[in-house]
Amino acid sequence: MSASTEKKLRQAAREAGTDKKTLALEKEVKEKAKQKRRWALGTIGVCLLIALILFLNSNVLFRATALTVGDESYSASEMSYYYANQYYYWANQYGSYASLFGLDTSGGIKGLDKQSCAMAGEGVSWKDYFLENAQNELIQEKALRDYAAQNGIALDQEELDAVESSFDGMDEYVRSQGYANADKFFAANYGTGVNTNTVRQAYQNSALASKALTSYSDSLEYSPAELKEQYASYNGEQDYFDLAYYYVAAEKTEVAGEDGETTQEVTAEALAAAEETAKAIQAAYNEAKDEDFTARLDQAVAAQVADAASNHSTNTQGSGLNAAYKDWVMDNARKAGDITVTADSNDSGYYVVVYIGRENNDYNLAQVRHILIKAEADADGNYTEEAKAAALAKAEEILAEYEAGDKTEESFAALAEQYSEDSGSNTNGGLYDSVVKGQMVAEFNDFCFGNHKPGDTAIVYGESGSYAGYHVMYYVGEGENYAQAIARSDLVNQAVSQWLSELTAPYTATAGFGMRLVG
């Protein structure tokens, strides 16, 4: 090829853009353009990812509607609170027994959708169960709040302050649990998006619903005749009985089965022997003249069975009486000192039962205030006479301080809040508003039902498994007749249950997208 020809070819290549330098340059330009596009797409992807993270962390997603009840919608975070609250209530109510129902509480609210709730039906998880409970709670709460609005019922400032007081000390508590603030605590334990405002609003809604319910129940009135009729319908199931009894167990014999295994069984002869012993005890009891019926039964038992004594059952409610002798005891013709012999329900022995008395609850409840001063226990948990004397001296000082003042119920209440060691009443002036017979330790009980006048005071000793000490007592007065109170409570509960059923009937609940985010 001539030089002139090669030159012409190179010129043509340059003009066509196909020479080596040009091709390399074009390739470089194209590669840079491709990298630029990749970088741009990558930057967009990172930005989208950052935006998604910020979106999720902002809890905006959890504002999505999870449930609509009537004209009100609840977000996923609000529903999470009610759902978790149902779980915590159930777990706290049954504690270690929760596992008996198949509920594993070790993981908290997480994983409940993987746990089967057999008591709710086949294929139902614990998450399903608690969600349904939360939904029913919201339906009832919404219906009650609507009722409140229609009837001019609202929370006053004192009630709003009471709700707010629920958060007193919250910051200190959550920090002790390792959380920076209350919002993080609620989110971690109740669900993403749950914060202090969520809980505060739930508290206020609950308080208003409760006020509406109380307003309705307080409006219910029943005449004395209606209350009497209701109590009579219990047929003694609500009465309390005082009995003395002894059980004669039939001797069991080893009996060999066809498979060679032996079992312990009661033979007809052994059962007859037990009946004979029981009737002998009955005969001995009838021959004695002691007016202390329990002591008389003890003597009769001892005469027939060596080193044995009867049992004394006090304040046993009719509904809890042993079926073997329940009908006999509850017979209205029964009188103190009556005795019977009856076989147990398993035909393995006989009861000897002495009827001592019956309390039909026809008495007025007692209203009292008290100041408890406990004796200090020693290292072994015992109460020395010196410790009791010190407690008595302190109680006497307090009563003297009361006597030196204006001697009003209000001044006694102030002393109770200052001195009383009874955590159950020292924040409300030591008041027990409706004391039932047998509810308190014997000395306390005797004061309550000792025919006192309002304003009467005394110091009485008291001892139970948890304390020993002295009560400075103040008698406020009589409350409602107890039998009428029992009847009234039942009638009110029945009426309220029916009313709630009718009140909530028009309301329906519809799940939304946010329900997927609950739990």
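A nonpolar core is a set of buried Ala, Val, Leu, Ile, Met, Phe, Trp, Tyr and Cys residues joined through side-chain atoms within 4.5 Å, where buried means under 20% relative accessible area and exposed over 50% (1.4 Å probe, protein chains only). The model here is predicted, so local features need pLDDT of at least 70 and side-chain atom pairs pLDDT 80 or more, while totals for chains, interfaces and linings use all residues. Residues are numbered from 1 along each chain as its sequence is written, and side-chain values use heavy atoms, without hydrogens or water.

Let's start inside. The largest nonpolar core has 68 residues, and Phe-186 is one of those with the most contacts inside it. Helices and strands here are DSSP runs numbered from the N terminus (helices H or I, at least four residues; strands E, at least two). Strand S1 (65–69) and helix H3 (76–94) are among the elements that each supply at least two residues of this core. Apart from it sits another core, of 20 residues, including Val-248 and Val-352.

Phe-186 is worth a look. Leaving aside neighbours within four places in sequence, Phe-186 is in contact (heavy atoms within 4.5 Å) with Phe-167, Met-170, Gly-191, Val-194, Asn-195, Thr-196 and Val-199.

Most residues other than glycine have a negative phi, yet Asn-235 and Asn-451 each have a positive one.
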